[in-house]
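Here's a quick briefing to read alongside the structure.

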Amino acid sequence: MRIEQDLKLGFKDVLFRPKRSTLKSRSQVELTREFTFKHSGRQWSGVPVIAANMDSVGSFDMALALAKHQMLTAIHKHYTVEQWQSFVTAHPEACPYVMVSTGTSDADFEKTKAILALNPDLLFICIDIANGYSEHLVQYVQRVRAAFPDKVISAGNVVTGDMVEELILAGADIVKVGIGPGSVCTTRVKTGVGYPQLSAIIECADAAHGLGGRIIGDGGCTCPGDVAKAFGGGADFVMLGGMLAGHEESGGEVIEKDGKLWMKFYGMSSQSAMDKHSGGVAQYRAAEGKTVLLPFRGPVELSVQDILGGVRSTCTYVGAAQLKELTKRTTFIRVQEQENQVFGRE
């Protein structure tokens with residue numbers, strides 16, 4: 001047993017230090033980024049915010065709404081190949097802005113192959129398991145890379161630089177970073193395992209960029225300022241679950257209660273998810289997610305404007321004319337308070 005004494009930070013532990021800026025307006029900030037990915041060699045341009053591959057967030061409807069802003073959606077893995085075919089046929093323009101999510105079984109591999117064959121513009125594969133430290137994940141990344149040399153492969157989740165490096169060397173273009181920070185994730189409570197998200201992003205970004213790879217900061221964002229902090233810490237992409245849940249496009253179950261509309265939102269390792277997709281929680285494991293009811297929030301458009309507007313504003317405060325400059329213009333200050341909540345949060 002050993003103890004690491006270094007302090008690890010979450011989003012609530014820091015604020016941006018403002019810096020001199022020549023920008024006159026938020027409208028001058030460019031949020032679009034252009035990437036050329038290490039292994040696939042493919043190029044992609046867009047706003048690097050991703051809807052999480054949860055079945056109450058990462059829906060086809062969400063993909064259509066976010067594609068209008070050149071944002072990505074990691075489509076949850078529970079759609080059938082036939083449903084994918086209908087979506088791709090009807091909306092080929094959205095294909096560059098979706099990620100095909102998959103587990104690591106042989107059946108997952110065959111399903112992914114069938115989906116990718118539907119349209120050559122399906123560029124992204126998101127290999128997603130809870131414990132990215134499994135040797136099986138590394139082997140699966142190698143298998144997928146061999147089968148799809150021209151696709152952009154994301155794999156995770158991990159929180160330390162050593163595993164980021166191993167996944168990139170195995171063939172991943174992007175590594176998904178985050179264990180336990182999500183709003184409906186209970187991994188840290190059930191297992192005692194985790195890593196404060198901002199420090200995870202900072203350390204993993206350093207490891208990935210040293211090898212020419214990229215990272216996704218996955219989880220922990222509760223407001224637009226957190227999204228900006230993730231980018232400031234070095235995340236190339238930021239994945240959002242709870243911030244995009246509860247909308248018309250989210251795909252969650254709408255419930256009427258006390259005269260108001262609510263939408264069910266749950267973690268993908270929760271009792272709700274496993275009852276729905278796996279026939280219940282297996283005897284050898286515990287549920288590592290919770291189920292909540294969110295006030296129904298209507299169309300996602302206003303939330304998207306709020307998120308992107310907040311990040312643009314961050315950039316003006318620190319003098320970053322482009323999103324890609326934000327991390328170079330970032331100085332974080334450690335704090336013990338974030339906001340004055342005497343009247344609560346908006």
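R143 and D106 make a salt bridge, with their closest N and O atoms 2.8 Å apart. The two partners come from distant parts of the chain: R143 sits in helix 4 (residues 135-147) and D106 in helix 3 (residues 106-116), 37 residues apart. Keep in mind that this is a predicted model.

- R143 has 32% relative accessibility, so it counts as partly exposed.

**Other salt bridges**

- How many salt bridges does the count come to? The total is 11.
- K113 pairs with E110, and here the closest N and O atoms are 3.9 Å apart.
- Both K113 and E110 belong to helix 3, where they sit 3 residues apart, or about one turn of the helix.
- K113 is partly exposed because its relative accessibility is 40%, and E110 is partly exposed too, with a relative accessible area of 43%.

**Helix 3 against helix 4**

- The axes of helix 3 and helix 4 come within 12 Å and cross at roughly 25°.
- Helix 3 is therefore roughly parallel to helix 4, since angles under 35 degrees count that way.
- Their crossing is right-handed.
- Which residues make the contact between helix 3 and helix 4? Helix 3 brings D106, D108 and F109, while helix 4 brings Y140, R143, V144 and A147.
- Sorted by class, the contact of helix 3 with helix 4 has 4 nonpolar residues, 3 charged ones and no polar ones.
- The salt-bridge partners R143 and D106 both turn up in this contact.

**Helix 1 against helix 2**

- Helix 1 (residues 60-67) packs against helix 2 (residues 81-90) at an angle of about 25°, and their axes are 11 Å apart.
- That angle is why helix 1 is described as roughly parallel to helix 2.
- The crossing of helix 1 and helix 2 is right-handed.
- F60, A63 and L64 of helix 1 make the contact with Q83, W84 and F87 of helix 2.
- The residues in this contact of helix 1 with helix 2 split into 5 nonpolar, 1 polar and no charged.

**Backbone spots to look at**

- As background, most residues other than glycine have a negative phi, and most peptide bonds are trans.
- Is the peptide bond from G156 to N157 cis or trans? The bond is cis, with omega near 15°.
- N157 is part of strand 7 (residues 152-158).
- Q70 isn't a glycine, yet its phi is positive, near 60°.
- You'll find Q70 in the loop between helix 1 and strand 4 (71-75).
- With 30% relative accessibility, Q70 counts as partly exposed.
- D258 is another residue other than glycine with a positive phi, near 55°.
- D258 lies in the loop between strand 11 (254-257) and strand 12 (260-266).
- Is D258 buried or exposed? D258 is exposed, because its relative accessible area is 70%.

Technical notes. Residues numbered from 1 in each chain as written. Predicted model: local features only at pLDDT ≥ 70, side-chain atom pairs only at ≥ 80, totals over all residues. Heavy atoms only, no water. Axes fitted to C-alpha atoms, helices over the stretch in contact; angles between N-to-C directions. Helix = DSSP H or I, 4+ residues; strand = E, 2+ residues; numbered from the N terminus. Parallel < 35°, antiparallel > 145°, perpendicular 65-115°, else oblique. Left-handed = near helix turned anticlockwise from the far one by under 90°. Contact = heavy atoms within 4.5 Å. Nonpolar A, V, L, I, M, F, W, Y, C, P; charged D, E, K, R; others polar. Salt bridge = Lys/Arg side-chain N within 4 Å of Asp/Glu carboxyl O. Buried < 20%, exposed > 50% of the residue type's maximum accessible area, 1.4 Å probe, protein only.
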